[in-house]
Amino acid sequence: MTVRINPSILSADFVNLHDDIETIASADLVHVDVMDNHFVPNLTFGPQMVGRIQDVSPIPLDVHLMIDDPDRWAPGYAELGAYSVTFHAEAAADAVGLARRLRQIGSRAGIALKPGTPVEPYLDLLAEFDQVLVMTVEPGFGGQSFMPETMPKLRLLREAVVRTGLDVWLQVDGGITESTIAFAAESGADTFVAGSSVFSSPDRAAQIDALRSAALAHTH
Ligand SMILES: O=C(CO)[C@@H](O)[C@H](O)COP(=O)(O)O
C-alpha cells in the first residue's frame with residue numbers, strides 16, 4: 001500500500017512560510033488548514049493566502065476546510081488548483097453535490113469527520129469521494145493528543161474500501177507522531193497529516209522519513 005505523509009503548515013512559522021514549505025519538499029502533499037473562527041474556534045487564512053501557497057509550493061496542496069458553508073466556499077479552492085479539497089461533513093448542506101462539483105473543477109474531493117461524527121452514513125457513498133479524513137483530535141488546534149477511540153471508524157472505512165475496490169485515500173489528522181502513526185496505519189489509514197511532530201523537528205526531512213517508515217512498518 002502507498003503511504004503519504006502530509007505535513008500541516010498550521011505548525012509552521014507563518015511569517016516565514018515560504019522557507020518552511022521548502023523544508024518539507026520531500027513530503028507528499030502540504031496540508032493547508034483553513035479555519036474561519038466559526039466552524040472551529042481558531043482563525044488561519046483564506047483563498048488569497050492559499051493561492052500564494054499554491055504558487056510557491058514544490059508539492060501539491062491538500063486543503064482542509066474547517067469552515068461553515070463549504071458548499072459556497074470550497075469550489076473556490078479547487079479553482080485555485082488545489083490537488084485536494086476536503087470539507088467537513090458536519091458543515092456541508094449537500095456533501096455529495098459538493099464533492100461532484102469539486103471533481104468537476106479538477107480537485108480530488110475529500111470529506112472530513114470530527115471525532116464524534118459517525119462514519120456509517122458515508123460507507124455507501126464512498127464512490128463519491130477521493131479521500132475520507134478521520135479527525136483524530138477535535139479540529140481547531142495543533143499539538144493535541146491523538147484519540148485512539150476514533151480508530152474503529154478507520155477499520156470500517158478500510159473494510160469498505162477493500163470490499164468495493166475503490167481508490168479512496170483514508171487520512172488521519174491530529175496527534176500523529178512516530179508512535180501514534182502505528183495505530184492509525186494498523187487501523188487502515190494510508191495518508192497521515194502531521195503538524196507539530198514535523199515542524200518541531202530540527203531535521204524535517206528526516207522526520208518525514210521516520211514517519212513514513214513507521215507507517216509502512218504497520219501497514220497491512
Ligand atoms: O487540522 C488540524 C487541527 O485542527 C491539524 O492539521 C493540525 O495541524 C495537526 O497538528 P498536530 O496534531 O499534528 O500537531
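Biologist: Which residues come nearest the ligand?

Modeller: Bear in mind that this is a predicted model. There are 22 residues around the ligand, and Ser8, Leu10, Gly142, Gly195 and Ser196 come nearest.

Biologist: Which helices and strands each supply at least two residues of that shell?

Modeller: Strand S2 (30–35), strand S8 (191–194) and helix H8 (196–199) do. By class, the shell has 13 polar residues, seven nonpolar and two charged.

Biologist: Okay, on to the sheet. How do I read the strand order?

Modeller: Strands of a sheet pair through backbone hydrogen bonds, and the pairing is either parallel or antiparallel. Here you have an open sheet of eight strands with parallel pairing, in the order S1-S8-S7-S6-S5-S4-S3-S2. From one strand to the next, the twist averages 25 degrees.

Biologist: What does one of those pairs look like, say S7 with S8?

Modeller: Strand S7 (residues 169–173) runs parallel to S8, and the two share three bridges. Take Gln171: its bridge partner in S8 is Thr191.

Biologist: And which strands does helix H4 touch?

Modeller: H4 (residues 95–105) packs on the sheet against strand S4 (84–88) and strand S5 (108–113), with its direction at about 150 degrees to that of S5. Helix H6 (residues 151–164) lies across S5, strand S6 (131–135) and S7, at about 165 degrees to S7.

Biologist: Why does the radius of gyration agree with a compact globule?

Modeller: Because a compact globule of 220 residues would come out near 17 Å, and the chain has 16 Å. Buried residues make up 46% of the chain.

Notes:
Residues numbered from 1 in each chain as written. Predicted model: local features only at pLDDT ≥ 70, side-chain atom pairs only at ≥ 80, totals over all residues. Near = placed C-beta within 6 Å. Helix = DSSP H or I, 4+ residues; strand = E, 2+ residues; numbered from the N terminus. Nonpolar A, V, L, I, M, F, W, Y, C, P; charged D, E, K, R; others polar. Rg over C-alpha atoms; globule rule 2.2 N^0.38 Å. Buried ≥ 20, exposed ≤ 12 C-beta atoms within 10 Å, placed from the backbone. Pairing = 2+ DSSP bridges. Axes fitted to C-alpha atoms, helices over the stretch in contact; angles between N-to-C directions. Contact = placed C-beta atoms within 7 Å.
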